Amino acid sequence: MRGAKSAKWVTGAIIVALAATACGGGKSDGGSDAKGAVDPNGIFSIELGEPEKPLYTGDTMESNGSAVMAGLFSTLVDYKADGSLEMINAESVTTTDSKTWTVKLKPGWTFHDGTPVTAKSYVDAWNWNANVKNAMGLNSWFADIKGFEKLSPEGEGAQPTSDKLDGLKVVDENTFTIELTKSVPYFGHKLAYIVFAPLPEAFYKDTKAAGQKPIGNGPYKFKSWDHKKQIEIVRYDDYKGPNKAKNGGVVFKNYTTLEAAYEDLKSGNVDVLRQLAPKDLPVYRDDLGDRAVDQAYSAIQTVAVAFYADQWKKPKPVDPKVIQGLSMAIDRATITKTVLQGTREPATGWVAKGVLGYQPNAVDVTKFDPAKAKELIKAGGGVPGNKISIQFNADGGHKEWVDAVCNSITQSTGVACVGDGKPDFQADLQARKNKQVKSFYRSGWVLDYPVNANFISDLFRTGAAGNQGDFSNKELDAKIAKADSAATLEESVKQYQAIEKDLVNYMPSIPLWYYKVNAGYSEKVSGVAYGQDGDPILTGVEVHK
């Protein structure tokens, strides 16, 4: 895959959200609709929402920020279409036991400020991101590395006793080793995630400024950020990677509604969309013709449970049978066919398509069965208050399907259900982080790396960065730990398949449907393709005069 991205919470109904991008797969018009010759220095624009936070490699875990970071930073590896690794900044990543890994860098790479990318650039960045003092939301991604507990000790208010991960050693300018606490057969795949990118020396001199004006090692360098208006990045001509930009740069234009972005696309005021609002799905193919995109990618929409909410923990923890019943009260086939215009496929498990370990029909709790739904809810003691709510971001085109899901639940079971709309994705994420979700929340997840562990361990393991509903089960944690330490990648994948089937006994969330990219682009550009994470591959876009 070219242009590795971070996996992420997704903002929109059409494109979800922490990292890798698969190669190609999106429609390209080959320039047939574009006017004029290709301008190698041409700038194109993409629809984007305001990133939730400053642009840090260790704290960007939603789709708006991730789209920008994908252009600014390159990681050690990325993925090919078959899920195997492609070397990007790394010359090689090797191991004999899945516990000790050796990384050799391609020499000659530089950051955007001209300073060299070295082994120390990676080791220092990982140490900083892992340190709890720096409050990076993705620091748990370093938990596999020996000495992590010293930088991120458990317990509220606990202070780190070291500023370096014991498992990281610089061998020479272009070589470093990684020692894990135990074997993790898919650790090499995780290295494509943005949190494992390097940082320049300049970062540490003013970390606050670095979050507003990042200095990366990717195909584009940062130019400007006019908050809530636009972000601009431009091609880095000294970039040494295999995915050099075929254009002069990208302007990420901020939109508060998907409908407004689509109108701008039709009038030529924005060039590439990442998603469409439900109301435009019936007409966009006729409007755009060959420039309409309809492509599957590795992401899933779920409704997650806020287990910390009073509704689910008082007077006693919710019985999973209640959540099973609510799941079976949802008519996914009708909702995806009508409200979502066939742009989704009903989910039959928690792992998205296109990743190692995906298994069709993993569970049966996603089948629509109103009678069974009522039976399960009753057996589990009923829904407290006989009412639920689903929190969502109103700027992402979700209201229509949330209303449809609620109507299906109410009609099937008599349980009242209402949508709880937040004005934008930032407000939605803040409510999740501040533990303010009252019942359920809309959750979308796209691959960080193409292994089924990413859709289970990184969402449902106690303390995982993606576990925003405070789900925790020691029995499940033990099964995850065992799968993580399997002797081979194949065995780990197999164990995670068994865990996925077992998730019905815990119900940390309700799977809804698998995503597709439903988007489009203007006559000004060609070569537009979307990766396995659903985002446009920036470097391949060609701009016409």
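Buried means under 20% relative accessible area, exposed means over 50%, and partly exposed lies in between, with a 1.4 Å probe and protein chains only. By that scale arginine 461 counts as partly exposed, at 21% relative accessibility. Aspartate 458 is buried, with a relative accessible area of 6%. The side chains of these two residues, aspartate 458 and arginine 461, meet in a salt bridge at 3.5 Å, N to O.

The model is predicted: local features need pLDDT of at least 70, side-chain atom pairs count only at pLDDT 80 or more, and totals for chains, interfaces and linings use all residues. Residues are numbered from 1 along each chain as its sequence is written, and side-chain values use heavy atoms, leaving out hydrogens and water.

Now the salt bridges (a side-chain nitrogen of Lys or Arg within 4 Å of a carboxyl oxygen of Asp or Glu). The whole structure holds 27 of them. One joins glutamate 179 to lysine 146, at 3.8 Å from N to O. Glutamate 179 lies in strand β7 (residues 175-179) and lysine 146 in the loop between α2 (119-130) and α3, so this pair ties together parts 33 residues apart in sequence. Helices here are DSSP runs of H or I with at least four residues, strands are runs of E with at least two, and both are numbered from the N terminus. Glutamate 179 is partly exposed at 28%. Lysine 146 is partly exposed too, at 38%.

Another bridge sits within one helix. Lysine 399 pairs with aspartate 403, their closest N and O atoms being 2.7 Å apart. The two are 4 residues apart in α13 (residues 399-413), about one helical turn. Lysine 399 is partly exposed, with a relative accessible area of 48%; aspartate 403 is partly exposed at 28%. Elsewhere, Lys120, Asp124 and Glu201 are linked in a network of salt bridges.

Turn to the open space. A pocket is an open set of points on a 1 Å grid over the protein atoms alone, where a 1.4 Å probe fits, with protein on both sides within 12 Å along at least five of seven lines; lining residues have an atom within 4 Å of a point. The largest pocket has a volume of about 1400 Å³, the volume being the space filled by probe spheres set on the points. Its lining has 46 residues, and Asn139, Ser140, Thr462, Gly463 and Ala464 lie nearest the centre. Elements giving two or more residues to this lining are α3 (148-151), α14 (425-433), α15 (457-460) and α16 (474-484). The largest share, 4 residues, comes from α16.
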